[in-house]
Amino acid sequence: MTTLAVKADTTSIVIDEVFPHRAEVLWKAITNGDLMGRWMMKPNGFEPVVGNRFTFQTTPAGKWDGTIRCEVLEVAPLERFAFAWRGGDEANIGYGSKLDTVVTFTLRKVQTGTRLRMEHSGFVLPKNDTAYTNMGKGWIKCVETLGTVAGEG
Amino acid sequence: MTNVMGMNTETTDISVVMRALADPTRRAVFERVAGAREITVAELTRGSGVTQGAISQHLKSLKQAGLVIERPEGRNVYYRAQPDGLEPLADWMNHYAAFWRERLDKLRAVLKDMDPEDPNA
């Protein structure tokens with residue numbers, strides 16, 4: 001299930017799924033650098049220690065060299081793993097601009113395995129309460145589209 | 001190499017839309033246009049605390065960003081919100097949502113490799 005949570009001025013991507021594996025296996029897959037490279041992206045300089053700084057190399061865009069700069073924010077074994085995800089370039093405005101977001105993985109043991117909640121938060125959208133009221137239809141449509149398309153995967 | 005924030009034609013749109021809405025005054029102008037069926041520069045200026053010239057400049061930026069449409073009639077120009085104007089924002093977020101969906105599918109496969117013995121897998 002994928003949902004889009006709109007909070008204050010930022011938007012998050014949330015994916016919530018149950019995997020038929022023990023939390024220990026899932027924890028290893030998301031916090032081991034080699035394993036991360038097999039499903040997410042290959043991290044450079046990663047260690048599952050709070051304060052560790054690592055990078056992901058992606059395709060450059062405009063003045064941005066394509067480097068995603070990350071910092072481990074939380075490591076609570078078998079429970080929660082969070083890191084900052086910063087990309088873009090100051091010189092770009094809007095898309096491709098400086099992106100300061102957080103990726104949080106939360107694990108919970110369930111009967112059929114482990115429930116994983118992935119939240120990528122902090123996408124700043126030009127939204128506020130007034131905008132929500134006045135632009136109501138536009139934003140609802142925007143969020144609905146996101147939910148629908150994201151849920152199709 | 002993974003294309004997470006790649007440049008394509010959509011990125012131009014999102015950049016222009018976000019830049020247009022980044023300015024609080026301009027965003028307020030857009031909100032008022034979006035809240036009205038149609039509105040003139042004079043009406044927008046009234047009670048706004050900014051000059052008509054400033055409002056006109058903001059409208060010009062919003063128009064260039066594809067957020068508002070103008071309709072001249074006689075001596076007046078009427079503005080209204082462009083219905084699909086905000087879609088580039090949705091595209092931007094969809095890009096990330098799609099990225100994570102794809103990654104978690106891969107994660108599922110990796111887990112199966114790591115843990116084939118799991119009776120539930």
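Which residue takes a positive phi in the hairpin of β2(B) and β3(B)? Select the two residues between those strands: B:G74 takes a positive phi near 60°. The tour returns to that sheet below.

**Before selecting anything**

This is a predicted model, in which local features need pLDDT of at least 70 and side-chain atom pairs count only at pLDDT 80 or more, while totals for chains, interfaces and linings use all residues. Residues are numbered from 1 along each chain as its sequence is written, and chains are lettered from A and ligands numbered from 1 in the order in which they are written.

The predictor assigns the complex an ipTM of 0.74 and a pTM of 0.62. Colour chain B by pLDDT (the predictor's confidence in each residue, from 0 to 100). The chain B average is 80, and 81% of the residues score at least 70. Now select residues 1-12 of chain B, where the pLDDT is below 50; beyond near neighbours in sequence, this stretch has 25 contacts in the model. A contact here means that two C-beta atoms, placed from the backbone, lie within 7 Å. Where pLDDT is low, the predicted coordinates should not be read in detail.

**Chain B as a whole**

Switch to a cartoon view of chain B, which has five helices and three strands. Along the sequence the pattern is α-α-β-α-α-β-β-α. Helices (H or I, at least four residues) and strands (E, at least two) are DSSP runs, numbered from the N terminus. Of its 121 residues, 34% count as buried. A residue is buried if 20 or more other C-beta atoms lie within 10 Å of its own, exposed if 12 or fewer, and partly exposed in between, with C-beta atoms placed from the backbone. Among chain B contacts between residues at least 6 apart in sequence, 55% join residues at least 24 apart.

**Helix α4 of chain B**

Select residues 52-64 of chain B. At 1.5 Å a residue, the 13 residues of α4(B) should span 18 Å, and the end C-alpha atoms are 18 Å apart, which agrees. The expected span is 1.5 Å times one less than the number of residues. Show side chains: B:I55, B:H58, B:L59 and B:L62 are buried. Looking down the axis of α4(B), the buried residues fall within an arc of 100°, so they line one face of the helix. That arc is taken from the directions from the helix axis to the C-beta atoms. On the other side of α4(B), B:G53, B:K60 and B:Q64 are exposed. Step just past the helix to B:G66, which takes a positive phi of about 75°.

**The sheet of chain B**

Next, select β2 (residues 68-73) and β3 of chain B, which pair in the antiparallel sense over six bridges. Strands count as paired if DSSP finds at least two bridges between them. B:R71 has B:Y78 in β3(B) as its bridge partner. The three strands form an open sheet in the order β1-β3-β2. β1 and β2 of chain B stand at the edges, each with a single partner strand, so one side of each is left without a neighbour in the sheet.

Move to chain A and select β6, residues 80-87. Seven bridges join β6(A) to β5 (residues 67-76), antiparallel, and A:E71 has A:A84 as its bridge partner. On the β7(A) side, eight bridges are found, again antiparallel, with A:A84 opposite A:V102.

Then pick A:L78, in the turn of the β5(A)–β6(A) hairpin, which has three residues between its strands. A:L78 has a positive phi of about 65° although it is not a glycine. A:L78 is partly exposed, with 16 other C-beta atoms within 10 Å.

**The nonpolar cores**

Finally, show both chains. A nonpolar core is a set of buried Ala, Val, Leu, Ile, Met, Phe, Trp, Tyr and Cys residues joined through C-beta atoms within 7 Å. Of the 18 residues in the largest core, A:I13, A:L26, A:L116, B:W100 and B:L111 touch the most other members. At least two residues each come from β2 (10-19), α1 (23-31), β7 (99-110) and β8 (113-124) of chain A and α5 (87-114) of chain B. α5(B) gives the largest share, six residues. A second, separate core of 17 residues includes B:V33, B:L44, B:L59 and B:A65.
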